Amino acid sequence: MCSSDLVTMQARVDAAFARELVEADAPVLGLEGTSALVREGLRLVHKRARELAMAAEYAEFYGETPAPLPEGVAALWGE
């Protein structure tokens with residue numbers, strides 16, 4: 001990836017929250033620095049959005065009918 005493929009994203013956050021993120025949360029997650037924290041947060045937001053989009057697609061496709069279970073799972077559940 002070259003530098004022209006990168007953008008800067010910023011957000012203002014409460015100072016106490018920022019301190020907690022850097023001092024308490026980052027070490028637990030093995031993240032170093034605010035950039036790593038922001039990247040991880042954005043990655044989690046993106047992952048959650050993809051999960052919600054997929055759930056909406058399932059709901060649109062199947063409507064009120066539950067999605068069928070895969071063969072192996074259905075056999076375990078006796079369906």
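Q: Which residues do ring pairs link into a cluster?

A: In this predicted model, the cluster consists of Tyr58, Phe61 and Tyr62, which are linked by ring pairs. The structure holds 2 aromatic pairs.

Q: What makes the pair of Phe61 and Tyr62 edge-to-face?

A: A pair of aromatic rings is described by the distance of the centres and the angle of the planes. The rings of Phe61 and Tyr62 lie 4.8 Å apart, centre to centre, and rings count as a pair if their centres lie within 6.5 Å. The angle between the planes of Phe61 and Tyr62 is 85°, and an angle over 60 degrees counts as edge-to-face. The pair is therefore called edge-to-face.

Q: Why is Phe61 called exposed, and why is Tyr62 called partly exposed?

A: The relative accessible area of Phe61 is 67%. Exposed means over 50%, so Phe61 is exposed. Tyr62 has a relative accessibility of 27%.

Q: How are Glu40 and Arg43 placed in helix α2?

A: Glu40 and Arg43 are 3 residues apart in helix α2, so they are separated by about one helical turn. Glu40 is partly exposed, with a relative accessible area of 23%. Arg43 counts as partly exposed as well, at 43% relative accessibility.

Q: What makes the contact of Arg48 and Glu51 a salt bridge?

A: The side chains of Arg48 and Glu51 meet at 3.8 Å, N to O. The cut-off is 4 Å, so this contact is a salt bridge. Both residues lie in helix α2, 3 residues apart, about one turn of the helix. Arg48 has a relative accessibility of 48%, and that of Glu51 is 36%. Both values fall between 20% and 50%, so Arg48 and Glu51 count as partly exposed. In total, the structure holds 2 salt bridges.

Q: How do you know that the span of α2 is close to the expected value?

A: The helix α2 has 29 residues and reaches 42 Å from its first C-alpha to its last. At 1.5 Å a residue, 42 Å is expected. After α2 comes Gly63, whose phi is positive, near 60°.

Q: Which element gives the most to the lining of the largest pocket?

A: The largest pocket has a volume of about 580 Å³. Of the 16 residues that line this pocket, Met9, Thr34, Ser35, Val38 and Arg39 are the closest to its centre. The elements that give two or more residues to the lining are α1 (15-29) and α2 (34-62). It is α2 that gives the most, with 6 residues. The lining divides into 11 nonpolar, 4 polar and 1 charged.

Q: Why is Leu21 called partly exposed?

A: Leu21 has its place in helix α1. Its relative accessible area is 23%. Buried means under 20% and exposed means over 50%, so Leu21 is partly exposed. Leu21 and Thr34 are 13 residues apart in sequence, and their C-alpha atoms are 8.5 Å apart in space.

Note on methods
Residues are numbered from 1 along each chain as its sequence is written. This is a predicted model: local features need pLDDT of at least 70, side-chain atom pairs count only at pLDDT 80 or more; totals for chains, interfaces and linings use all residues. Side-chain values use heavy atoms; hydrogens and water are left out. On a 1 Å grid over the protein atoms alone, a cavity is a set of points where a 1.4 Å probe fits but cannot get out, and a pocket is an open set with protein on both sides within 12 Å along at least five of seven lines; lining residues have an atom within 4 Å of a point. Grid points are joined across faces, edges and corners, and a volume is the space filled by probe spheres set on the points. Helices (H or I, at least four residues) and strands (E, at least two) are DSSP runs, numbered from the N terminus. Ala, Val, Leu, Ile, Met, Phe, Trp, Tyr, Cys and Pro count as nonpolar, Asp, Glu, Lys and Arg as charged, and the others, Gly among them, as polar. Buried means under 20% relative accessible area, exposed over 50%, partly exposed in between (1.4 Å probe, protein chains only). Rings of Phe, Tyr and Trp (its six-membered ring) pair if their centres lie within 6.5 Å; planes under 30 degrees apart count as stacked, over 60 as edge-to-face and the rest as tilted. The expected span of a helix is 1.5 Å times one less than its number of residues.
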